[in-house]
Amino acid sequence: MTERVYLDWNATAPLRPEARRALVDALAVAGNPSSVHAEGRAARRLVEAAREQVAALVAAPPADVFFTSGGTEANMLALSPAIETAGEKRPREVLFISAIEHSSVRAGGRFRRKVIREVPVDAEGRVDLAALAAAVSDAERPLVSLMLANNETGVVQPVVQAAAIVHAAGGLLHVDAVQAAGRIPCAIAVLGADLLTLSAHKIGGPKGIGALVRLSENIHLADPLISGGGQERGMRAGTENVAGIAGFGAAAASASLKREEEAARMLALRNLLEDGLRAVAPRTVIFGAGAERLPNTTLFSLEGMKAETAVIAFDLEGVALSSGAACSSGKVQPSHVLAAMGVSPPFQRGALRVSLGWETTEADVERLLGAWRKVSTALSKGSKEQRGMAA
Ligand code: PLP
């Protein structure tokens, strides 16, 4: 049997060997990190070492990293009217998000639906900064949530410029860096973010662990989602997922160390992939191609293609890719990202996402292109037959 080719790294990345080792080793540590005895202190050391590694990925102070059960929970923790800054305790009344956010941000956290405002994006899938400036100009102390890179298109958002706009309006900026971390630089202060979300499984750590990072202690989360014990400085009760945290730390360290090298390799492979897609089917559309994108992500379409059928055809050829975001696959739903970019429904329906990772090889890309030849030929044959029948 030929080997499978996994090209769905934005849905989740395979566990890095370093993360697997750290995770398995941590399972052997018996103590509870809150216990004062030697066993407890050993577990605490693992948690705090990982906190330093995760903090280093985004150049934040370790004390400002709060572990959560993943990116979704970190987003929910961040999106609260009760986020306070030093000396400023009134609740925030409005949440602004871009029209292309992940569903965990679109849900709005603890904000009521009617106080959530959407900011449009341009045809390349970049947030419209003029619209953002206009939207926040008459809001009092707005909270704004923008992703650093989109999970479907890979388009990198102008977060630094957005931060200047948000801060000039007296607001706070939360950045969902789940897809960007480990792929492009994510230093929290350089981005201008006040809060930043990370998820371990997108950078080669285990699933079910993530973090909310704040710029400094001047930002108070004030409104924990889970209360009880005083873990994570009262912001996230419950005995820590020590093994998950240790795996996250190791993945973060490896992602930091290898980022530039991995990004350069992925970019070369992505160029090979996109040239190949267009060579096979010249009418292939690549979304966000005119914008800065993550080095590993290509979202493409052909008019008339049905993404669900194409994903199955690729799967039968041994290639795993996805139709838009993993969270919405399974449910046949048009992509809100492509809709916001003004992509017409016949192209939206065919959108396929290929996302590469550090284990992807040229041979993997060639396998995908071989399958693409079959899928696109079948498609053009089908449409010719349809035209023949209609005539
Ligand atoms: N934010 C973005 C941009 C994502 O792509 C995802 C996952 O796909 C999440 C948040 C949610 O992260 P998690 O799966 O850790 O809950």
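Colleague: What makes the way H5 passes H6 a right-handed crossing?

Modeller: H5 passes H6 in a right-handed crossing, and that name is used if the near helix is turned clockwise from the far one by less than a right angle, with left-handed for anticlockwise. A helix is a DSSP run (H or I, at least four residues), numbered from the N terminus. Bear in mind that this is a predicted model, where local features need pLDDT of at least 70, side-chain atom pairs count only at pLDDT 80 or more, and totals for chains, interfaces and linings use all residues. Residues are numbered from 1 along each chain as its sequence is written, and side-chain values use heavy atoms, with hydrogens and water left out.

Colleague: Why are H5 and H6 called roughly parallel?

Modeller: The axes of H5 (residues 129-137) and H6 (residues 159-168) cross at roughly 15° and come within 9 Å. Axes are lines fitted to C-alpha atoms over the stretch in contact, and angles run from 0 to 180 degrees between N-to-C directions. Under 35 degrees counts as roughly parallel, over 145 as roughly antiparallel, so H5 and H6 are roughly parallel.

Colleague: Which residues make that contact?

Modeller: Leu129, Leu132, Ala133 and Val136 come from H5, and Gln161, Ala162, Ile165 and Val166 from H6. Contact means heavy atoms within 4.5 Å.

Colleague: And what about H1 and H8, how do you know whether they are parallel or antiparallel?

Modeller: H1 (residues 17-27) and H8 (residues 242-280) have axes that cross at roughly 155° and come within 7 Å, which makes H1 roughly antiparallel to H8. H1 also passes H8 in a right-handed crossing. Among the residues that meet are Ala19 and Leu23 in H1, and Ala246 and Ala250 in H8.

Colleague: What kind of crossing does H2 make with H8?

Modeller: A left-handed one. H2 (residues 38-57) packs on H8 at about 35°, with axes 8 Å apart. Leu46 and Val47 of H2 are among the contact residues, as are Phe248 and Gly249 of H8.

Colleague: How many cavities of 30 Å³ or more are there?

Modeller: One. On a 1 Å grid over the protein atoms alone, a cavity is a set of points where a 1.4 Å probe fits but cannot get out, and lining residues have an atom within 4 Å of a point. The largest cavity has a volume of about 70 Å³, volume being the space filled by probe spheres set on the points. Its lining includes Trp9, Arg16, Glu262 and Trp358.

Key: Helix = DSSP H or I, 4+ residues; strand = E, 2+ residues; numbered from the N terminus. Parallel < 35°, antiparallel > 145°, perpendicular 65-115°, else oblique. 1 Å grid on protein atoms, 1.4 Å probe; cavity = no way out; pocket = protein on both sides within 12 Å on 5 of 7 lines; lining within 4 Å.
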